Amino acid sequence: MSNESLNRTSKNFETPTINLDVLKHKKEIQKSRKVCFNKLSHKLHISQKKDKLRNTVIICSVFLSIGLLGFIVG
């Protein structure tokens, strides 16, 4: 390329305007959340009830299947 073509392209090229405020990160103030212990204890109680029910169903199904298997074999 010749100098003339380089000069021509550099004159036609415009530098884009950039808003630098957009690039700055704004610091967000984190608000502390209030924790309701009654709701947490209620959720814990419900999850414990579900786990207990699930375990009871599993144990009952195991005993029932063993009983049916023994009845069929015997």
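1. Asp51 and Arg54 sit 3 residues apart in helix α3, so about one helical turn separates them. Helices here are DSSP runs of H or I with at least four residues, strands are E runs of at least two, and numbering starts at the N terminus. Asp51 forms a salt bridge with Arg54, and the closest N and O atoms are 3.2 Å apart. The criterion is a side-chain nitrogen of Lys or Arg within 4 Å of a carboxyl oxygen of Asp or Glu. Side chains of opposite charge can pair when their charged atoms come close. The structure holds 1 salt bridge.

2. Basis of the note. The model is predicted: local features need pLDDT of at least 70, side-chain atom pairs count only at pLDDT 80 or more, and totals for chains, interfaces and linings use all residues. Residues are numbered from 1 along each chain as its sequence is written, and side-chain values use heavy atoms, with hydrogens and water left out.

3. Confidence. pLDDT is the predictor's confidence in each residue, from 0 to 100. The protein chain has a mean pLDDT of 80, with 59% of its residues at 70 or more.

4. Fold. The protein chain has 3 helices and 0 strands. From the N terminus on, the order is α-α-α.

5. Of the 74 residues of the protein chain, 1% count as buried. Buried means under 20% relative accessible area, exposed over 50%, and partly exposed in between (1.4 Å probe, protein chains only).

6. Surface. The accessible surface of the protein chain comes to about 8,400 Å², and 62% of that belongs to carbon and sulfur atoms. Areas come from the Shrake-Rupley method with a 1.4 Å probe; for residues, only the protein chains shown count as cover.

7. Nonpolar patch. Ile58, Ile59, Val62, Phe63 and Ile66 form a nonpolar surface patch with about 500 Å² of accessible area together. Patch residues have over 30% relative accessible area and no salt bridge; like charges are joined within 9 Å, nonpolar side chains (Val, Leu, Ile, Met, Phe, Trp, Tyr) within 5 Å. Val62 lies in helix α3 (residues 37–73). Val62 is partly exposed, at 40% relative accessible area.

8. Cysteines. A search of the whole structure finds 0 disulfides, a disulfide being a pair of cysteine sulfur atoms within 2.5 Å. Cys36 is partly exposed at 36% relative accessibility. Cys60 is also partly exposed, at 47%.
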